[in-house]
Number of protein chains: 2
Amino acid sequence: MTDNPEELNRLRKIQQGDVRTASRLIRGIEDNLPDAKTAIRRIFSHTGRAHVVGFTGAPGAGKSTLVDAMITVFRRQAKTVGVLAVDPTSPFTGGAILGDRVRMQSHAEDPGVFVRSLATRGALGGLSKAVGDAVHVMDAMGKEMIMIETVGAGQQEVDIINHSHTVIVVLIPGMGDEIQAIKAGVMEIADIFVINKADREGAGRLENELIAMLNMVSQFPGDWRPPIIRIGNLADAEAFRESVEELAVSVNDHYQRLVETGLLGDRLRRKAIMEIHEALHDAILAPVLTDLAQSGEMDRIVERILNKESDPYTIADEIARKYPTRPKKSEKE
Amino acid sequence: MTDNPEELNRLRKIQQGDVRTASRLIRGIEDNLPDAKTAIRRIFSHTGRAHVVGFTGAPGAGKSTLVDAMITVFRRQAKTVGVLAVDPTSPFTGGAILGDRVRMQSHAEDPGVFVRSLATRGALGGLSKAVGDAVHVMDAMGKEMIMIETVGAGQQEVDIINHSHTVIVVLIPGMGDEIQAIKAGVMEIADIFVINKADREGAGRLENELIAMLNMVSQFPGDWRPPIIRIGNLADAEAFRESVEELAVSVNDHYQRLVETGLLGDRLRRKAIMEIHEALHDAILAPVLTDLAQSGEMDRIVERILNKESDPYTIADEIARKYPTRPKKSEKE
């Protein structure tokens with residue numbers, strides 16, 4: 001850890017909530033710059049105060065509108081807010097097709113709200129790591145409530161959402177003949193269910209399916225049975241506001257429960273393991289890949305595979321022998 | 001490569017299309033058994049003849065019904081078919097909540113059709129690797145058309161779908177105010193667009209949005225402009241059958257284009273790089289993680305992070321020093 005005055009200045013600015021410094025750092029995280037990594041090391045010991053809330057659900061489930069409404073509620077409670085909208089990105093163009101940067105305009109003038117979108121360059125595990133680091137930045141900025149929004153399906157989105165303390169799964173009625181998110185594998189990590197657009201046909205059936213599913217669980221960790229919150233139509237402003245406030249109460253209740261039962265420690269542990277795994281990928285595997293690419297060996301390997309001279313497993317074993325990862329016993333604690 | 005007679009027997013049985021042997025191997029792939037890896041090495045040189053077609057789209061878009069209908073069309077063309085339905089799974093239970101094993105019953109008696117679901121134990125990158133290997137098994141079995149079906153959102157699903165030669169993105173009208181899959185980052189990898197449930201309100205608008213999007217592309221690789229196929233309501237059997245046949249023609253046309261333009265080589269190269277990356281994760285990073293877990297060092301590391309004594313990056317660098325991956329220069333080609 002260096003005591004470089006520029007570094008200290010950057011840390012201080014982020015702690016003061018300076019938007020430009022924080023934005024530049026988050027951009028550096030996205031681009032996987034070494035300088036950003038240095039900053040995160042520095043920042044890390046100043047994190048851990050925020051309540052991180054994850055929103056996941058199928059595209060079109062109305063997560064953005066909901067997050068926007070939650071900002072309003074939290075701001076009314078005088079809490080500072082950070083929002084991280086995650087755009088899964090094609091690995092081919094390396095950029096988000098549809099940025100979310102234009103939305104949440106209503107809070108653009110409020111210095112208590114910091115909204116950022118995050119895309120990635122397609123590295124395996126890269127997006128989840130970037131999300132974790134961007135959350136650290138917002139945490140160090142002093143944002144009390146941090147909301148992560150992602151499209152919910154697949155392992156990667158589960159990884160992303162695991163950076164949260166409270167996970168909200170957003171569903172809408174009538175998307176299919178089944179509870180759509182079940183297939184997405186996020187059901188079991190839900191702390192709160194939201195039935196969005198609850199005025200639509202099928203809302204009652206969806207709620208009943210959720211209740212039936214929850215009834216099959218014999219015991220919930222920390223005795224927290226995930227509540228089901230119906231969010232009304234945006235057009236009926238009063239009902240919409242009330243249901244969003246109900247959700248905010250649930251979010252707070254859940255955090256209290258995590259603290260009271262000691263489950264918060266488990267979540268933090270889970271998050272730490274994930275972050276170590278991701279950092280190890282960067283520290284151990286990435287240099288090997290870089291070396292293979294730069295030496296031209298990767299091209300030769302690909303040709304051998306295309307010519308069916310060898311297979312990926314055999315080649316990976318060959319490479320592992322060239323880049324041995326045997327621990328130096330003397331250095332082990 | 002051993003000449004173990006049992007191994008040779010297994011390879012022979014798979015090449016003969018033996019369902020029990022193939023199913024057991026795919027189960028072994030899912031469970032990441034060393035024995036399965038050995039079999040894939042053996043099988044690898046007998047693969048490369050199948051046309052692999054990937055279907056992706058949001059949950060509820062009707063992919064399963066469409067794949068089912070495509071089986072019928074391909075069978076009518078006397079092509080053998082393999083289907084791989086991918087269930088993204090929670091990392092916490094390690095099992096698929098909702099198996100697809102009961103579906104596609106209509107082809108259960110047809111020996112020319114082999115259908116398997118795939119879940120995973122949640123390892124980073126594990127699902128995509130398993131998909132790649134299961135495709136190799138079906139390819140070695142002699143299946144001429146292999147269809148992969150996955151829920152489309154996020155990097156992992158893009159990885160999965162990249163095991164295909166032809167990628168079909170399935171959309172349905174009226175899911176939101178935007179083309180829902182754009183956010184999922186799969187738009188750019190689409191070779192064919194399907195508007196499913198095209199009798200629904202909003203189908204015309206969705207098609208116009210797609211056309212507008214495609215019109216923005218100045219040049220398509222191999223001059224292949226992704227066609228947009230409308231699939232009608234299942235209830236109108238005649239129209240449904242015709243539109244599915246139109247899709248099958250498009251799938252075939254796309255493969256011809258890949259072959260004629262040499263783009264097929266690019267796809268195979270992309271797939272090989274992905275497979276090497278995944279195999280390297282297993283060969284280089286996984287042993288380090290196992291060692292850390294077994295020695296109890298991972299627990300100590302997590303405590304240091306939770307106590308803010310260190311950060312994941314610094315710890316990863318420490319570990320990388322203990323498990324050096326410097327190439328032995330003498331062994332390098």
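Where helix H11(A) meets helix H10(B), A:Met298, A:Ile301, A:Val302, A:Glu303, A:Ile305 and A:Leu306 touch B:Leu268, B:Arg269, B:Ala272, B:Ile273 and B:Ile276, contact meaning heavy atoms within 4.5 Å. By class, this contact holds nine nonpolar, no polar and two charged residues; Ala, Val, Leu, Ile, Met, Phe, Trp, Tyr, Cys and Pro count as nonpolar, Asp, Glu, Lys and Arg as charged, and the others, Gly among them, as polar. The axes of H11 (residues 297-306) of chain A and H10 (residues 263-294) of chain B come within 9 Å and cross at roughly 110 degrees. H11(A) is therefore roughly perpendicular to H10(B), a label for angles of 65 to 115 degrees. Axes here are lines fitted to C-alpha atoms, for helices over the stretch in contact, with angles from 0 to 180 degrees between N-to-C directions.

A word on what you are viewing: this is a predicted model, in which local features need pLDDT of at least 70, side-chain atom pairs count only at pLDDT 80 or more, and totals for chains, interfaces and linings use all residues. Residues are numbered from 1 along each chain as its sequence is written, chains are lettered from A and ligands numbered from 1 in the order in which they are written, and side-chain values use heavy atoms, leaving out hydrogens and water. Helices (H or I, at least four residues) and strands (E, at least two) are DSSP runs, numbered from the N terminus.

Now turn to strand S2 of chain A, residues 81-86. Six of its six residues are buried, so S2(A) is largely enclosed by the rest of the structure; buried means under 20% relative accessible area, exposed over 50%, and partly exposed in between (1.4 Å probe, protein chains only). In a regular strand the side chains alternate between the two faces of the sheet. Here A:Val81, A:Val83 and A:Ala85 are buried on one side, and A:Gly82, A:Leu84 and A:Val86 on the other. S2(A) runs parallel to strand S3 (residues 113-118) of chain A, joined by six bridges, and pairing requires at least two. A:Val83 has A:Val115 as its bridge partner in S3(A).

Helix H5(A) is enclosed too: 15 of its 15 residues are buried. Just after H5(A), A:Gly142 takes a positive phi of about 95 degrees.

Most residues other than glycine have a negative phi. B:Asn32, not a glycine, has a positive phi of about 60 degrees, and sits in the loop between H2 (19-30) and H3 (34-44) of chain B. At 47% relative accessibility, B:Asn32 is partly exposed.

How values were computed. Angles under 35 degrees count as roughly parallel, over 145 as roughly antiparallel, 65 to 115 as roughly perpendicular and the rest as oblique.
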